[in-house]
Each structure stands twice: as structure tokens, then as C-alpha cells.
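Here is a short report on how the parts of one protein chain are arranged. It covers packed helices, sheets and domains.

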Amino acid sequence: LTHQPRKLSAEGITKTFGGVTAVSDVSFEVIPGTIHALIGPNGAGKSTCFNVLTGVYRPTAGTVRLGDEMLTDCRPHEVAKLGVGRTFQNIALAERLSVRDNLMLARHRLTRAGFVATGLGLPGARREQRRHLERVREIAEFVGVTHLLSQPTGTLSYGDQKRVELARALCIEPSVLLLDEPVAGLNASESRHMARQILDIRDQLGVSVLLVEHDMGLVMSIADRVTVLDFGRLIAEGTPAHVQQDPAVLSAYLGT
Ligand code: ADP
Ligand code: MG
């Protein structure tokens, strides 16, 4: 269940909905060990890209690869199994389950021995259960929710739920983590904490990160590379400092 660092690549991704071209011939790579941001004005095609990368949409053209593995035709759970984790903008946790059970569920979905074998008390399953619990504790510790492990997730503050959502995504031991607006709805201090956390994911876990984000401050302070979309097309790519001064980017954001 441990995934090695691998490059996530989108090659010539196009996605049309009826007559609307949401994403047009977009290519970029998330290099292992980096934080990569996907930005652009509303309607630029960021969420569509994200959904193509995670198997929610099949692209009209183009391919998605993780290392040598082709993800283009994979379903979302297969993409997760292969090592691409994701969080959801609208938190996707089971509200009545405790934080611990939500995290255990995320791990069991990826392994053969599920809750059934565990419930039957099979020895191998029990051993595996203990290993999972240990790892869940480590991940909870890493995101700072150890004290909340027994709480039903529905009773947590929004900021804490965002952290648990992050822990849930880390439970699949991803090599790349896709974050959809990780600081949306967070206050200034929670946002700073999340920014620190994303840097720790890169530096301590060695997991590369692709983030879709509106908050320019966050992107410019933590991203190693930035890809900018506008009207479904890639208009700029490079370091934050580079894209910030790009005339095409300025005009896309200022609408000139
Ligand atoms: P962003 O996330 O950058 O705001 P989206 O990827 O959501 O942009 O949308 C890009 C374009 O594709 C928009 O014009 C949007 O209206 C259109 N679009 C996105 N999803 C769908 C869909 N499921 N059906 C039809 N059009 C869509
Ligand atoms: Mg969007």
C-alpha cells in the first residue's frame, strides 16, 4: 500500500460537454517532490481538469498517466488505488462515523480484507486491522486530529473537518495528492495552518501536490510551479514569480 514518487502527466487533455469545450489540449506534469498549482479565472476549466485527472470524467481526447501507468480509462476508485489521492471541495466524510472509522474505511476500501473479514475475526484480518489502526493514528497525528479520533465527524468544526478530509486522502498512501481549494472557507489562521500542512506533505511525506486554488496568496507562497488556464486553454506555466508577471495572465485576471 505504499506508493513510490511518480510523475503525474496530463497530455493533450480536451473535454467537451455537448458544444462547450471546457478544456482544450492542456498538457502539464506534476513532478515528484513539488507543489503544483492549477489556477485561472472562473470557468477556466480547473475543476474539469481535476475531474479528468481523478477519473470522474473521461477526456474527449488526451491521456493521463502516473509514472508508466495509464489512468485515462480508470474509474475514480482505481485512480485512488494506483496512487492519486484527492480531497473534495464539499467534504465527503460519513458524518455519523467517528474520525477513526472514516479513516479506517478509507484504508479498507483499498485492501482486500474489508470490514467483513475483520468482523469474522479472521487472524490475518485482525493483524491487518492492527496495522491499519497504527497507520491511521500516525496520519491523524500528522494532520493534528489525534484528539478527535473518537468524535463523530459531523460534530467537528469546518476547519477540523477539512483536516480530517486531508487525513482521509492521505490514508490511501498516495504518491500524488490533488487538493480542490484547500483553504476555501477557512479563516486566516486556519489557512496558514493548512499552507504549512501542504508544505509538510511535500517535505515530510514526499508526496507531490496538485492544488486548484482561488487564493492567489496561498498559491504564490507555497507553489513550486504554476499552470494557468483561461477559457479551457493553457496560457502560462512556470514559477509563481514568472507567471505573476506574464501579460497573458494579468489580462486573463483583469479581464482586459
Ligand atoms: P473552473 O473550475 O475553472 O471554474 P470548470 O471546469 O468548472 O471551470 O468549467 C469550465 C467550463 O466548462 C465552463 O464554461 C463550464 O460552464 C463548463 N462546464 C463544466 N462542467 C460542465 C458540465 N458538466 N456540463 C456542461 N458544461 C460544463
Ligand atoms: Mg471550479
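## Helix packing

Helix 3 and helix 6 cross in the right-handed sense. This is a predicted model. The axes of helix 3 (residues 99-108) and helix 6 (residues 158-170) come within 8 Å of each other and cross at roughly 25°. An angle under 35 degrees counts as roughly parallel. Helix 3 and helix 6 are therefore roughly parallel to each other. Helix 3 makes the contact with V99, N102, L103 and A106, while helix 6 brings V164, A167 and R168. By class, the contact of helix 3 with helix 6 has five nonpolar, one polar and one charged residues.

Helix 5 (residues 123-143) also packs on helix 6, with axes that come within 9 Å and cross at roughly 140°. That makes helix 5 oblique to helix 6. The crossing of helix 5 and helix 6 is right-handed. On the helix 5 side the contact residues are I139, A140 and V143. On the helix 6 side they are R163, L166, A167 and L170. The contact of helix 5 with helix 6 divides into six nonpolar, no polar and one charged residues.

Helix 3 and helix 5 pack as well, at an angle of about 120° and with their axes 10 Å apart. Helix 3 is thus oblique to helix 5. Their crossing is right-handed. Which residues of helix 3 meet helix 5? They are R100, L103, M104 and R107, and they meet H132, V136, I139 and A140 in helix 5. This contact of helix 3 with helix 5 counts five nonpolar, one polar and two charged residues.

| Helix pair | Axis distance | Crossing angle |
|---|---|---|
| Helix 3 and helix 6 | within 8 Å | roughly 25° |
| Helix 5 and helix 6 | within 9 Å | roughly 140° |
| Helix 3 and helix 5 | 10 Å | about 120° |

An open sheet of six strands has mixed pairing and the order 6-7-8-3-9-10. Its edge strands are strand 6 (84-86) and strand 10 (233-238), and each pairs on one side only. Neighbouring strands of this sheet are turned by 20° against each other on average, direction ignored.

Strand 7 (residues 176-180) and strand 8 (residues 208-212) pair in the parallel sense over five bridges. Here D180 stands opposite V212 in strand 8. Strand 9 (residues 225-230) and strand 10 run antiparallel and are joined by five bridges. V228 stands opposite A236 in strand 10. Strand 9 and strand 10 form a hairpin with two residues between them. F231 lies in the turn and has a positive phi of about 50°.

A second open sheet has four strands in the order 2-1-4-5, with antiparallel pairing. Why is one side of strand 2 and of strand 5 left without a neighbour in the sheet? Strand 2 (20-30) and strand 5 (69-70) stand at the edges, each with a single partner strand, so one side of each has no neighbour there.

Strand 1 (residues 8-17) pairs with strand 4 (residues 61-66) in the antiparallel sense over five bridges. A10 stands opposite V64 in strand 4. Helix 1 (residues 46-53) lies across strand 1, strand 2 and strand 4. Helix 1 runs at about 120° to strand 1.

## Two domains

The domain assignment of the chain gives domain 1 (1-83 + 174-256) and domain 2 (94-172). The C-alpha centres of domain 1 and domain 2 lie 26 Å apart. How many residues of domain 1 are in contact with domain 2? There are 10 residues of domain 1, and they contact 10 residues of domain 2.

Helix 2 (76-82) and helix 7 (188-203) each supply at least two residues of the side of domain 1 that touches domain 2. The largest share of that side, three residues, comes from helix 2. The residues on this side of domain 1 divide into five nonpolar, three polar and two charged.

Definitions and conventions: Residues numbered from 1 in each chain as written. Chains lettered and ligands numbered in written order. Predicted model: local features only at pLDDT ≥ 70, side-chain atom pairs only at ≥ 80, totals over all residues. Pairing = 2+ DSSP bridges. Contact = placed C-beta atoms within 7 Å. Axes fitted to C-alpha atoms, helices over the stretch in contact; angles between N-to-C directions. Parallel < 35°, antiparallel > 145°, perpendicular 65-115°, else oblique. Left-handed = near helix turned anticlockwise from the far one by under 90°. Nonpolar A, V, L, I, M, F, W, Y, C, P; charged D, E, K, R; others polar. Domains from an automatic or database assignment.
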